[in-house]
Structures are given as C-alpha cells and as structure tokens.
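Reader: I have a model open and would like to go through its local geometry. Can we start with the strands?

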Amino acid sequence: STAGSIAVTAEGNSTTTNLQQGLVKTWIAYGDTASSGNPAIYDSFNHGSITDNGTGDTSYAYTNNMATAKGYTVSGSFAHSSDITTYVYSAQPKQDDSVATSSCRVVQIYASDSAQGIGDYDYVCSSMAGDLA
C-alpha cells in the first residue's frame, strides 16, 4: 500500500500498532577514535554528516529533518573493541542550541564503580525515533 499510515495487528492479535510511528527514522554506526577529527562511519540511514566536537562529543546532521526538536528521542550504545563492557544510553536530546529538527549532539559518558568520564569509542551506534517533517 502507498498509505502514509498503516495499522498492523500487534502481538496477541488484540491491539493494533501504527507501522509508520514504530519505525526508526534515522540510525548510524561509527567509530569515534579517528585521528582525523572526523569519525569513521561504518553504516547509516538518513544521516547527512557527523561532526567530531571533541572527545566523546559528536553532532549528527540528518538528511530528512525531524518534525520538532522536542519531538524525538535518541538511544544507542558505545564500546571499545577490546572491552567486554558495552555502555548504553537513552535520552531525549537536550532542548538547547545543540539539538534541532535537522541535527542533535550526543556525548558518550561512561560510569562504573571506579570511574566516570567522557571518551572516544571504537564503536558507537545511535538511532532516533519520532516524526519526520
């Protein structure tokens, strides 16, 4: 179908879910340890560019804008290839000059029993859910 919104029978056959609302609108996987200052993108969908703002601090620019700056969420994970620990984050982007309908900014912060800090990681992946413009 070419419908803009499709209802699909959900698990258990008792409710329906909106397929359009349930899709991830953008995602990216990259390595944030590039010495060039530009993280190496492994694969992505609906990303125009990424910018390295400093250690563990990356901005994402979207190919197709989100509908509102306050209307989408960002989640993901990051890890070193030599580390068995994978850190996970899930957060609404902060509503300030670092998030907009066309981009957002993510900082990889880790916390453990003995340390807390910001770092560059070998593997970072993020996805965004919400409405496209």
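Author: Valine 74 has methionine 128 as its bridge partner in β12. This is a predicted model, where local features need pLDDT of at least 70 and side-chain atom pairs count only at pLDDT 80 or more, while totals for chains, interfaces and linings use all residues. Residues are numbered from 1 along each chain as its sequence is written, and side-chain values use heavy atoms, with hydrogens and water left out.

Reader: In what sense do β7 and β12 pair, and over how many bridges?

Author: They pair in the antiparallel sense, over eight bridges. Two strands pair if DSSP finds at least two bridges between them. Strands are DSSP runs (E, at least two residues), numbered from the N terminus.

Reader: Switching to rings. How many aromatic pairs are there?

Author: The structure holds four. Rings of Phe, Tyr and Trp (its six-membered ring) pair if their centres lie within 6.5 Å; planes under 30 degrees apart count as stacked, over 60 as edge-to-face and the rest as tilted. One of the pairs is tyrosine 62 with tyrosine 72, edge-to-face at 5.9 Å centre to centre and 80 degrees between the planes.

Reader: Where do tyrosine 62 and tyrosine 72 sit?

Author: Tyrosine 62 is in strand β6 (residues 57–62) and tyrosine 72 in strand β7 (residues 72–79), so the pair links distant parts of the chain, 10 residues apart. Tyrosine 62 is buried at 6% relative accessibility, and tyrosine 72 is buried at 1%.

Reader: And phenylalanine 78 with tyrosine 121, why is that pair tilted?

Author: Their planes are at 55 degrees, so the pair is tilted; the ring centres are 4.6 Å apart. Phenylalanine 78 is in β7 and tyrosine 121 in the loop between β11 (116–118) and β12 (123–130), 43 residues apart. Both are buried.

Reader: Backbone next. What is phi of asparagine 46?

Author: It is near 65 degrees, a positive value in a residue other than glycine. Most residues other than glycine have a negative phi. Asparagine 46 lies in the loop between β4 (40–45) and β5 (47–54).

Reader: Is asparagine 46 buried or exposed?

Author: Buried, with a relative accessible area of 8%.

Reader: Last one: valine 8. Where is it placed?

Author: Valine 8 is in strand β1 (residues 7–9). At 32% relative accessibility, valine 8 is partly exposed.

Notes:
Helix = DSSP H or I, 4+ residues; strand = E, 2+ residues; numbered from the N terminus. Buried < 20%, exposed > 50% of the residue type's maximum accessible area, 1.4 Å probe, protein only.
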